[in-house]
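Thank you for sending the model below. My comments follow as numbered points, written to be read beside the coordinates.

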Amino acid sequence: MVGLPLPDPVDDTLALVVRGVLPGEHTPEYPSLGYPKQGTPTDSVGRSIYTPEHRRLVQLLVELRRDAGLRQVELAKRLDRPQSFVSKYESGQRRLDLVELRAICTALGVGLVETVEWYEQALAAMRQQGRRRRGGRTGAVDRSRGAEP
């Protein structure tokens with residue numbers, strides 16, 4: 001429909017405020033699409049990227065890469081991914097899914113189950129240290145082959 005003016009979002013928002021409807025509230029003109037408003041309790045769901053547990057997983061993956069004698073660029077080449085992929089998950093900017101974690105473990109020459117066991121050991125050590133002294137460093141994990149958890 002050529003020639004029809006597009007509505008101005010600023011004017012529309014101002015009109016809603018004048019009528020007593022705050023921006024973001026459900027109105028017949030602006031249907032709710034089911035997304036939570038910013039600042040609601042569900043706003044923080046899924047943000048496990050910043051937890052101590054996630055930081056420990058990242059730390060473990062960095063240790064495994066270094067133990068394998070690989071630089072980020074070399075690991076990225078084995079994964080057929082850009083170096084920035086490795087950099088982002090190692091810096092904690094990106095989460096990994098299970099398929100990606102398995103591919104990384106394979107490229108590093110370690111098993112996925114073995115890596116998960118080391119991760120669980122590290123978390124247990126973190127919890128144990130947290131009970132003894134709050135806010136302390138995480139403990140090292142015995143990653144020797146066949147080590148008991």
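**Notes on helix packing and charged contacts**

1. Helix 2 and helix 5 cross in a left-handed manner, a crossing being left-handed if the near helix is turned anticlockwise from the far one by less than a right angle, and right-handed if clockwise. The axes of helix 2 (residues 52-67) and helix 5 (residues 98-108) come within 10 Å and cross at roughly 25°, so that helix 2 is roughly parallel to helix 5. Axes here are lines fitted to C-alpha atoms, for helices over the stretch in contact, with angles running from 0 to 180 degrees between N-to-C directions; angles under 35 degrees count as roughly parallel, over 145 as roughly antiparallel, 65 to 115 as roughly perpendicular and the rest as oblique.

2. The model is a predicted one, in which local features need pLDDT of at least 70 and side-chain atom pairs count only at pLDDT 80 or more, while totals for chains, interfaces and linings use all residues. Residues are numbered from 1 along each chain as its sequence is written, and side-chain values use heavy atoms, with hydrogens and water left out.

3. As to the overall fold, the protein has six helices and zero strands, and its elements run α-α-α-α-α-α from the N terminus on; helices (H or I, at least four residues) and strands (E, at least two) are DSSP runs, numbered from the N terminus. Of the 149 residues, 28% are buried, where buried means under 20% relative accessible area, exposed over 50% and partly exposed in between (1.4 Å probe, protein chains only). Among contacts between residues at least 6 apart in sequence, 52% join residues at least 24 apart, a contact meaning heavy atoms within 4.5 Å.

4. Which residues make up the contact of helix 2 with helix 5? From helix 2 come L61, L64 and R65, and these meet L101, I104 and L108 in helix 5. The residues of this contact divide into five nonpolar, no polar and one charged, on a scheme that counts Ala, Val, Leu, Ile, Met, Phe, Trp, Tyr, Cys and Pro as nonpolar, Asp, Glu, Lys and Arg as charged, and the others, Gly among them, as polar. Helix 2 also holds L57, which counts as buried at 19% relative accessibility; L57 and L123 are 66 residues apart in sequence, yet their C-alpha atoms are 9.0 Å apart in space.

5. Helix 5 also packs against helix 3 (residues 72-79), at an angle of about 115° and with the axes 9 Å apart, which makes helix 3 roughly perpendicular to helix 5. This crossing of helix 3 and helix 5 is right-handed. On the helix 3 side the contact involves L75, R78 and L79, which meet A103, I104, A107 and L108 in helix 5, and its residues divide into six nonpolar, no polar and one charged.

6. R78, in helix 3, deserves a separate look. R78 is exposed, with a relative accessible area of 53%, and, its neighbours within four places in sequence left aside, R78 is in contact with L70 and A107. R78 and T106 are 28 residues apart in sequence and 9.4 Å apart in space, C-alpha to C-alpha.

7. The structure contains five salt bridges, each defined by a side-chain nitrogen of Lys or Arg within 4 Å of a carboxyl oxygen of Asp or Glu. In one of them E63 meets R56, at 3.7 Å from N to O; E63 is partly exposed at 22% relative accessibility, whereas R56, at 2%, is buried. Another joins E74 and R71, also at 3.7 Å from N to O, with E74 partly exposed at 31% and R71 exposed at 53%.

8. A further salt bridge links E100 and R94, whose closest N and O atoms are 2.8 Å apart. E100 is buried, with a relative accessible area of 15%, while R94 counts as partly exposed at 25%. R81, R94 and E100 are linked in a network of salt bridges.

9. Most residues other than glycine have a negative phi. D80, although not a glycine, has a positive phi of about 55°. D80 lies in the loop between helix 3 and helix 4 (83-90), and at 71% relative accessibility D80 counts as exposed.
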